[in-house]
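Have a look at the structure first, and then I'll talk you through a few ring pairs.

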Amino acid sequence: MRILVYPWHSYNYADITAEFERRDMSVDYIPYHLDNYDSDDDFLELGKKLLAEKDYDFVFSVNYFPVISDLCQENGVRYVAWTCDNPLIAMFHRSVFNDCNIIFTFDMTNLSRFKSLGVKHIYYLPLCSDVRRIDGTLSCARDLYLYRNDISFVGSLYEKSTYDRIFPRLPEYLRGYLEAVIRAQKLIIGGNIIEDMLDEDLMLMLRDHFRLEKSGDSFSSLALIFSTTVLGFKVANEMRTDAMLTLGRDFQTALYTNSRVVELPGVDYRGEADYFLQMPKVFNSSAINLNITIPNIISGIPLRAMDIMASGGFLLTDPRAELSVFFRAGEDYDTFESMEELKEKCAFYLAHEDERRAIAQSAHEKMAAAHDYRIRVSQMLSLIERLPDTDDPLAFMK
């Protein structure tokens, strides 16, 4: 099998392509950086040349790019995209209906949304981890003691906020309403109500203060874009900051991030953790690993949660519906639904090491058995071959 891959800077890109290559697939790469995901004449010219030189089974990318879909549609080649962001604004584009597309999404709500729009070959495929790579990293590590913490969080604080930039120039009513939306969303940990609270009248007011930039082929709405790229990131910023402040007062709490950190008393700032070299060590060596999901991921399992469990770490997370499809709360992970419950469960699990270790071990075993790239890529390739006409999100397991 011969695959042409568009390289993109997602954390899981290297693990996916490594699995392709382990299978003795012939993998070539497109030497190009896309600045415009919708259209790029130079990219189309290069892509057409590459597709003419060899007979590719499909073109692959992590996340969906309209210009790649149009390239494949024009040249009669299948385009396979596996999303790692949700919702992916680039999918709200005319090209999503191209016959060449085979799209995999890790969030069932996103699957339902595009199925209802009439997109044909879109399937649910949860994210996973390279358990073998992680086990190998940990087995030869001699510095795990450097990463021992009671509580750790690895991830962005999303402190560079569009919301904070535009907030001062918004009219008083709009400021008050959006602040209320943020407060309401923070009370509903594990769900997402933001887009539903942005009605048409509010969007008409917002148009004078927020510039919506999209191509003529895009059918994304102002409510969708503002709820995700502005409010979603702001809510995540406040939730993650609140968690750090809450825990830093009473527990040894480490934060690994490339964000600019200010005013987090009691929190041990460790800088950024390299995804491949350091992150597995953090997850494996910390007593409790937090996952605080950006609300844009409505039901899917975030990559961070998968990586924590793959590293043999104990996962304490906000709820996401799909976790309970493949894992069991209290057996493979645990959840919190408020800052008060987060604090209580941290205190409990720090005092009950045996329970914590048993949960982490169970999760690691399930990750190795069902959520490693060798398994997930096989499931992907099976779906590509079969292209079942189904609404069953668990078709990838059959």
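**Aromatic pairs**

So, counting pairs of rings, we get 23 aromatic pairs here. The rule takes rings of Phe, Tyr and Trp (its six-membered ring) and pairs them if their centres lie within 6.5 Å; planes under 30 degrees apart are stacked, over 60 edge-to-face, and the rest tilted. Take Trp8 and Phe65: the centres are 5.9 Å apart and the planes sit at 70°, so we call that pair edge-to-face. It joins distant parts of the chain, 57 residues apart: Trp8 is in the loop between strand 1 (2–6) and helix 1 (13–22), and Phe65 is in the loop between strand 3 (58–62) and helix 3 (66–75). Helices (H or I, at least four residues) and strands (E, at least two) are DSSP runs, numbered from the N terminus. Trp8 and Phe65 are both buried, and buried means under 20% relative accessible area, exposed over 50%, partly exposed in between (1.4 Å probe, protein chains only).

Quick caveat: this is a predicted model, where local features need pLDDT of at least 70, side-chain atom pairs count only at pLDDT 80 or more, and totals for chains, interfaces and linings use all residues. Residues are numbered from 1 along each chain as its sequence is written, and side-chain values use heavy atoms, with hydrogens and water left out.

Back to the rings: Trp8 and Phe65 also belong to one aromatic cluster with Tyr6, Tyr32, Tyr37 and Phe43.
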